[in-house]
Amino acid sequence: MAPLHFILLLSTALVSMHSLAHGATCSDCFTQSRAAHYPNSDENGTDIGACGFGSFGATVNGGDVSAASDLYRNGLGCGACYQVRCTNGYYCTDKGVTVVITDQGSGHGTDFILTRRAFTRMAQTSDAAASLLALGVVDIEYRRVSCSYPYKNITIKIDEASSNPHYLGFVIWYQQGKRDITAVQLCETQNFVCKLLDRSYGAVWTTTSPPSGPLSLRMLFSDEDGDEEWVVPVNNIPQDWKAGETYDTGVQVNL
């Protein structure tokens, strides 16, 4: 029979290994980092962000948006939502603020550059908010959370540079949940011939010589565990689609 002290050491090691394995896969755990704010911005974000959202990227989520550095992920992170809270107990709330990634940027070792509105919403009071703004850069912790857009369907915004039938580009608005859109296809509704689109930059999906006729959109949603699901909207993009127009897909993904 093994000595008692050996059994206790083995049990402790197994518990420690379990804890480490659990921590490595914990999607709800907070990560330590730093955050700054746009120093010369107004309350909302920018309409020329690297995600390509345009004015939507400045005002979505009430203007609680952010630029990201590594979390931008070459555009894959565009539209992702994060709970961000500063860690100074004298100034900061436990809840923090939920922001949407709409731009790329970094500085002073930060993962987030928040709008002034979002930055101040981490504070307990208006005086504390002024103090946070004066600091400029603060220690924070963050975690990814589900985006929520009640009463909104996933919406397609056709890029202004699009030209029917030669070139089609668009961004996807109001994507709920915590999954990433990793691929997009356009399919002809009559013969079901599909074309895989390119991620041009940020959240902008493009194709030259797009399929003709009404177009059925297919979006591949992927989560951090590697699970994937194709989502096909109810509504098609009309045959006479126009640059600058928005089209309601008639579908939304579950949180």
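# Briefing: strands, disulfides and pockets

Strand β8 pairs with strand β12 (residues 204–208) in the antiparallel sense, over four bridges. The model is predicted, so local features need pLDDT of at least 70, side-chain atom pairs count only at pLDDT 80 or more, and totals for chains, interfaces and linings use all residues. Residues are numbered from 1 along each chain as its sequence is written, and side-chain values use heavy atoms, with hydrogens and water left out.

**Strands around β8**

- Strands (E, at least two residues) and helices (H or I, at least four) are DSSP runs, numbered from the N terminus.
- Two strands pair if DSSP finds at least two bridges between them.
- Gly169 has Thr206 in β12 as its bridge partner.
- β8 also pairs with β7, again in the antiparallel sense and over four bridges.
- In that region, Lys157 has Val171 in β8 as its bridge partner.
- β8 is mostly covered, with six of its seven residues buried.
- Buried means under 20% relative accessible area, exposed means over 50%, and partly exposed is in between (1.4 Å probe, protein chains only).

**The barrel**

- Six strands close into a barrel, in the order β1-β5-β2-β4-β3-β6.
- The pairing in this barrel is mixed.
- Neighbouring strands of this sheet are turned by 45 degrees against each other on average, direction ignored.
- Those angles use axes that are lines fitted to C-alpha atoms (for helices over the stretch in contact), and angles run from 0 to 180 degrees between N-to-C directions.
- Strand β3 (residues 81–86) and β6 run antiparallel and are joined by six bridges.
- Cys86 stands opposite Ile140 in β6.

**Disulfides**

- A disulfide is a covalent bond between the sulfur atoms of two cysteines.
- Here the rule is a pair of cysteine sulfur atoms within 2.5 Å.
- By this rule the count comes to four disulfides.
- One of them joins Cys51 and Cys78, with sulfur atoms 2.1 Å apart.
- This link of Cys51 and Cys78 is left-handed, with -90 degrees about the S-S bond.
- Cys51 lies in the loop between β1 (31–37) and α2, and Cys78 lies in the loop between β2 and β3, so the pair ties together parts that are 27 residues apart in sequence.
- Cys51 is buried, at a relative accessible area of 0%, and Cys78 is buried too, at 8%.
- Another disulfide joins Cys81 and Cys147, with sulfur atoms 2.0 Å apart.
- The torsion about the S-S bond of Cys81 and Cys147 is about 115 degrees, so this disulfide is right-handed.
- The pair links distant parts of the chain, 66 residues apart: Cys81 is in strand β3, and Cys147 is in the loop between β6 and β7.
- Both Cys81 and Cys147 are buried.
- Cys86 and Cys92 also form a disulfide, with sulfur atoms 1.9 Å apart.
- The link of Cys86 and Cys92 is left-handed, with -120 degrees about the S-S bond.
- Cys86 is buried, at 5% relative accessible area, and Cys92 is buried, at 6%.

**Pockets**

- On a 1 Å grid over the protein atoms alone, a pocket is an open set of points where a 1.4 Å probe fits, with protein on both sides within 12 Å along at least five of seven lines; lining residues have an atom within 4 Å of a point.
- Grid points are joined across faces, edges and corners, and a volume is the space filled by probe spheres set on the points.
- The largest pocket has a volume of about 480 Å³.
- Its lining has 18 residues, and Ser27, Tyr82, Arg144, Lys178 and Glu224 lie nearest its centre.
- Strand β6 (residues 137–145) gives the largest share of this lining, three residues.
- The lining of the largest pocket divides into five nonpolar, four polar and nine charged residues.
- Ala, Val, Leu, Ile, Met, Phe, Trp, Tyr, Cys and Pro count as nonpolar, Asp, Glu, Lys and Arg as charged, and the others, Gly among them, as polar.
- The second largest pocket has a volume of about 180 Å³.
- Its 14 lining residues include Gly52, Phe53, Gly54, Lys157 and Asp159, which lie nearest its centre.
- β8 gives the largest share of the lining of the second largest pocket, three residues.

**Backbone details in loops**

- The peptide bond from Asn164 to Pro165 is cis, with omega near 10 degrees.
- Pro165 lies in the loop between β7 and β8.
- Phe192 is not a glycine, yet has a positive phi of about 60 degrees.
- Phe192 is exposed, with a relative accessible area of 63%.
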